[in-house]
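Biologist: I would like to learn how to read a protein model step by step. Could we take one as an example and go through its features together?

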Amino acid sequence: MKTRKKPKHKKLPDLHILNDLLDYDPITGLLTYQDSGEKEAGYLDDRGYRCIRINKQVYKVHRICFYIHHRRDPGKLVIDHINGVKDDNTIFNLRAVKNKDNCLNTSARRAKGIIPKLEPGVHRLFAKPVLL
């Protein structure tokens, strides 16, 4: 049985290069090219993640979205999609965690109602339904 090599963390391009090339809407999660208007940047890979090619290097869009919004490279941390939807790159759905914490956020655990912890300093708001 072949074992999959753990990919080394790839340094993201400088933030000013990304800001000159791309626009990120944290509410919709769309990453678009500045010169093309509304055309979504990148393509879906065979695992369902959106990827983008910059200077002949391929990067995961969710890592770039996190970097543009928080202005810090996630480095060795994994960017977790909290709701499990791989192409939902809204900023409220992304968190930087260690790999072990990412492994705890599975569809089976979410189905049981186990809600993943957010990053330190980030809070989740819950609204109670109101009967009229």
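This is a predicted model: local features need pLDDT of at least 70, side-chain atom pairs count only at pLDDT 80 or more; totals for chains, interfaces and linings use all residues.

Biologist: What percentage of the 132 residues is buried?

Modeller: Buried residues make up 32% of the 132 residues.

Biologist: How should I read salt bridges, and how many are found in the whole structure?

Modeller: The general idea is that side chains of opposite charge can pair when their charged atoms come close. Here a search of the whole structure finds 3 salt bridges. In one of them, the side chains of Arg50 and Glu40 meet at 3.2 Å, N to O. Arg50 lies in strand β4 and Glu40 in the loop between β2 and β3, so this pair ties together parts that are 10 residues apart in sequence.

Biologist: Is Arg50 buried or exposed?

Modeller: Arg50 is buried, with a relative accessible area of 14%, whereas Glu40, at 30% relative accessibility, counts as partly exposed; the cut-off for buried is under 20%.

Biologist: Which residue does Lys60 meet in a salt bridge?

Modeller: The side chain of Lys60 meets that of Asp45 at 2.8 Å, N to O. Because Lys60 lies in strand β5 and Asp45 in the loop between β3 and β4, the pair ties together parts that are 15 residues apart in sequence. Lys60 counts as partly exposed at 28% relative accessibility, while Asp45, at 17%, counts as buried.

Biologist: In what sense do strands β6 and β7 pair?

Modeller: Strand β6, residues 78–81, pairs with β7 in the antiparallel sense over 4 bridges, and within this pairing Asp80 stands opposite Arg95 in β7. The side chains of Asp80 and Arg95 also meet in a salt bridge, at 2.8 Å, N to O. Asp80 lies in β6 and Arg95 in β7, so the pair ties together parts that are 15 residues apart in sequence. Both residues are buried.

Biologist: Which residues of strand β7 are buried on its two sides?

Modeller: On one side Leu94 and Ala96 are buried, and on the other Arg95 and Val97 are buried, which leaves both faces of the strand covered.

Conventions. Residues are numbered from 1 along each chain as its sequence is written. Side-chain values use heavy atoms; hydrogens and water are left out. Buried means under 20% relative accessible area, exposed over 50%, partly exposed in between (1.4 Å probe, protein chains only). Two strands pair if DSSP finds at least two bridges between them. A salt bridge is a side-chain nitrogen of Lys or Arg within 4 Å of a carboxyl oxygen of Asp or Glu.
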